[in-house]
Amino acid sequence: MHHVDGLTMDGGPPVLLCFSELLEDVLRERPQEADGIDSVIVVDNVPQVGPERLEKLKNVIHKIFSKFGKITNEYYPEADGKTKGYIFLEYAAPTHAVEAVKNADGYKLDKQHTFRVNLFTDFDKYMTISDEWEAPEKQPFKDFGNLRHWLEDPDCRDQYSIIFEAGERTGIFSNDAKEPIVVEERARWTETYVRWSPKGTYLATFHQRGIALWGGEKFKQIQRFSHQGVQLIDFSPCERYVVTFSPLMDTKDDPQAIIIWDVLTGQKKRGFHCENSAHWPIFKWSHDGKFFARMTQDTLSIYETPVRKNTSISAVLDFSWSPGDNIIAFWVPEDKDIPARVTLMQLPSRHEIRVRNLFNVVDCKLHWQKNGDYLCVKVDRTPKGTQGVVTNFEIFRMREKQVPVDVVEMKESIIAFAWEPNGNKFAVLHGESPRINVSFYHVKNNGKIELIKMFDKQQANSIFWSPQGQFLVLAGLRSMNGALAFVDTSDCTMMNIAEHYMASDVEWDPTGRYVVTSVSWWSHKVDNAFWVWTFQGRLLQKNIKDRFCQLLWRPRPPSLLSQEQIKLIKKDLKKYSKIFEQKDRLSQSKASKELVDRRRTMMEEYRKYREAAMQMYQEQRPLRLELRGGVDTDELDSNVDDWEEETIEFFINEEIVPFGDLA
């Protein structure tokens, strides 16, 4: 009789070896001591209730904690007819328990009860903690590589992300005049869409359980933010904070709909309720990320980072931050005999640097020029004694003393307005189809605003300026069948008129050299593709992708060069132009750089192979001579004296043609 565990064998020594060797792979999978309890969590600070309220409490607990996984068992300890204030929950898998601890610890059920959640297996660890303080171990530095490596591209190629196959695939490409160059491509990288951070450092992807940030040369995961059911995201301009929105997780006493996170640490800074997510982003940031503000029930609330309330202003309908200074513009509607007014306030001093009273106002829209040099307040008015709406453009000159204001009046309906990013011009689309006009205005230094040019009968409903100014695209998107007009505003000439049928989006690259038009599968189910144009309107590529959804250019951070250095480069541009022109000629050759490199590699491999073969051939020469009886057959004309000439004749064909047939 054998004892299975090998302790004894009748008449023999203990047998341990053979079973452990034979069943090594099975024993490796045997349950460990902690298995079974590492799926259990302990929830403390739970309300103490009697039997009449226990079922209601269980329903509330189940609703909160079932978000993290399937609950297989629960235990509510009782004493003196009441629960003890702590409970045990068991999940189907340890990973669910870890997720519950991570997300539910600190959950505020009501004013008196804030949950503390721990793994059951952690209690042994906490019981053995020494009373003496020990210095924490240094955490190893996580090197994600150069987060701005794409700026070091020797050919200065910009990158863009695309989503295609109805969201199943996401790719990052380098833009090239000939064809896109794949940088990274993954399946199911995101569940909805992607967003770049303002300086292009991070790529944000969306998942049911939260947001992931990717970056570096190989797009490694850099940070995660757990926010169940997240739908929207926004970054602060400095990339220090990220704001997420989810309609799922929110309670009266514990705001979770909107969360502000610290990008570097991944920590939650603060949660907010959300009354209405229709106008996103709900938080708007100052240019340096030191302040942010939001509207709640006609009240403007301004906060100072890290998330400290600074001030509140009542009766405000809309606001906007200056892109160049910590100045906030907001407008207040008329109230009985008090006129509407636009206020410019400086922070943190809260000094009102300019107030402009407005009368008979229906609506206001605030438009800042990219550098904050000008503010345009588009005011829709109903003048007394007249019918219909008149639009005034109130232009605030922010860099001049006392901020003077100029006014441009238009009696036609306004379709679109846009400032030149780095200049002092603006464009307006006005009128009604089919008589839609575009007007270009110049804000002059002498206090006047001059109409430069007006083009009539345009098929356009959107204005897209180049990020560098001067050039723009007038686009008739969606219902206007993708009509495109490329305009040079330095002399107001139409460089080209084209069409991308059913185009839904227009995206300029950060340098203003290229512009992309696209038909998204999200808005139109056929002809999904993106086309790449030069800023002059010359079509370079037609890229057709199966169920193409989205293209976003990767932003560039501000230049590190000073204005003096930029001026010096412009002065010596001819010196650099020769180098650039030589590179352009190489790139325009039929064979692409990759093909040329591949051919060079193949040629080098052939040369090495040929040298090795010739060396072997020479080494085998004595053997050949021996095998051929000393006759050298390496050369065709060797041993000519031993040659014999022989003539061979043979009949090929005979054909008889009568002369009569040739007449």
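Biologist: How many bridges join β22 to β23?

Modeller: This is a predicted model, in which local features need pLDDT of at least 70 and side-chain atom pairs count only at pLDDT 80 or more, while totals for chains, interfaces and linings use all residues. Residues are numbered from 1 along each chain as its sequence is written, and side-chain values use heavy atoms, with hydrogens and water left out. Strands (E, at least two residues) and helices (H or I, at least four) are DSSP runs numbered from the N terminus, and two strands pair if DSSP finds at least two bridges between them. β22 and β23 run antiparallel, and the number of bridges joining them is 4.

Biologist: Through how many residues does the hairpin join β22 to β23?

Modeller: In this pairing, F319 stands opposite F330 in β23. The hairpin that joins β22 to β23 passes through 5 residues.

Biologist: Which residue of β24 is the bridge partner of F330?

Modeller: Strands of a sheet pair through backbone hydrogen bonds, either parallel or antiparallel. Strand β23 (residues 327-332) pairs with strand β24 (residues 340-346) in the antiparallel sense, over 6 bridges. A329 stands opposite L344 in β24. For F330, the bridge partner in β24 is T343.

Biologist: Which are the edge strands of the open sheet?

Modeller: The open sheet has 4 strands in the order β22-β23-β24-β25, with antiparallel pairing. An edge strand pairs on one side only, and here the edge strands are β22 (318-321) and β25 (351-358).

Biologist: Which residues of β23 are buried on the two faces?

Modeller: Buried means under 20% relative accessible area, exposed over 50%, and partly exposed in between, for a 1.4 Å probe and protein chains only. In a regular strand the side chains alternate between the two faces of the sheet. β23 is mostly covered, as 6 of its 6 residues are buried. On one side these are I327, A329 and W331, and on the other I328, F330 and V332.

Biologist: Which elements are included in what covers the buried residues of α4?

Modeller: The buried residues of α4 are A97, E99, A100, V101, N103 and A104. Contact means heavy atoms within 4.5 Å. What covers these buried residues includes β1, α3, β5, β6 and β13 (220-226).

Biologist: Where does a positive phi of about 90° occur?

Modeller: The place concerned comes just after α4. The residue there with a positive phi of about 90° is G106.

Biologist: What is the angle between the planes of F283 and F292?

Modeller: A pair of aromatic rings is described by the distance of the centres and the angle of the planes. Rings of Phe, Tyr and Trp (its six-membered ring) pair if their centres lie within 6.5 Å; planes under 30 degrees apart count as stacked, over 60 as edge-to-face and the rest as tilted. By this rule there are 35 aromatic pairs. F283 and F292 form an edge-to-face pair, with 5.2 Å centre to centre and an angle between the planes of 85°.

Biologist: Which residues do ring pairs link into a cluster with W285 and F292?

Modeller: W285 and F292 form a tilted pair, at 4.9 Å centre to centre and 45° between the planes. Both W285 and F292 are buried. Besides W285 and F292, the cluster linked by ring pairs contains Y241, F272, F283 and Y303.

Biologist: Is F455 buried or exposed?

Modeller: F455 lies in strand β33 (residues 449-455). F455 touches I436, N437, V438, F440, V487, C492 and M494, not counting residues up to four places away in sequence. Because its relative accessible area is 13%, F455 is classed as buried.
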